[in-house]
Amino acid sequence: MKVTLAAHGGLAATVNLRLPPKVLDTDTLPENAASELARLVAAAVAPPVADQPGRARDAMSYTITVEDGGRSTVLKQSDAAMTPAFAALLARLQEYLDRQ
């Protein structure tokens with residue numbers, strides 16, 4: 001599975017425009033870490049119970065693209081309206097990407 005993270009907006013918006021998305025291939029992770037990430041993706045893909053509308057000045061928005069088995073899933077949320085499942089996936093993904 002390949003997972004791509006792109007961040008947009010926030011106070012560093014002009015800096016983020018110049019940065020390419022970060023990419024993580026779960027084949028590079030230990031088996032237990034890859035399984036954990038797959039579980040987090042599955043939880044974040046599940047439809048939320050209710051929409052969480054919200055806007056915040058200078059809030060960051062995140063796009064996580066998951067490519068697995070020829071299928072692509074795009075998840076988008078922001079700091080102003082983020083589900084707990086998306087937040088957990090984002091935190092773990094950022095942790096793995098920071099180790100690269």
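## Sheet and helix packing in a predicted model

In strand β3, Ile64 is the bridge partner of Leu5. The model is predicted: local features need pLDDT of at least 70, side-chain atom pairs count only at pLDDT 80 or more, and totals for chains, interfaces and linings use all residues. Residues are numbered from 1 along each chain as its sequence is written, and side-chain values use heavy atoms, with hydrogens and water left out.

Helices (H or I, at least four residues) and strands (E, at least two) are DSSP runs, numbered from the N terminus. Two strands count as paired if DSSP finds at least two bridges between them.

The four strands form an open sheet in the order β2-β1-β3-β4, with antiparallel pairing. Because β2 (22-25) and β4 (71-78) each have a single partner strand, they stand at the edges, and one side of each is left without a neighbour in the sheet. From one strand to the next, the twist averages 15 degrees.

| Strand pair | Sense | Bridges |
|---|---|---|
| β1 (residues 2-9) and β2 | antiparallel | four bridges |
| β1 and β3 | antiparallel | eight bridges |

Axes are lines fitted to C-alpha atoms, for helices over the stretch in contact, and angles run from 0 to 180 degrees between N-to-C directions. Helix α2 (residues 31-45) lies across β1, β2, β3 (60-68) and β4, and runs at about 70 degrees to β4. Helix α3 (residues 84-99) likewise lies across β1, β2, β3 and β4, running at about 80 degrees to β3.

The axes of α2 and α3 come within 8 Å and cross at roughly 150 degrees. The two helices are therefore roughly antiparallel, a term for angles over 145 degrees. The crossing of α2 with α3 is left-handed, that is, the near helix is turned anticlockwise from the far one by less than a right angle. In this contact, α2 residues including Leu37, Leu40 and Val41 meet α3 residues including Phe86, Leu89 and Tyr96. By class, the contact has 11 nonpolar, no polar and two charged residues; Ala, Val, Leu, Ile, Met, Phe, Trp, Tyr, Cys and Pro count as nonpolar, Asp, Glu, Lys and Arg as charged, and the others, Gly among them, as polar.

How values were computed:
Contact means heavy atoms within 4.5 Å. Angles under 35 degrees count as roughly parallel, over 145 as roughly antiparallel, 65 to 115 as roughly perpendicular and the rest as oblique.
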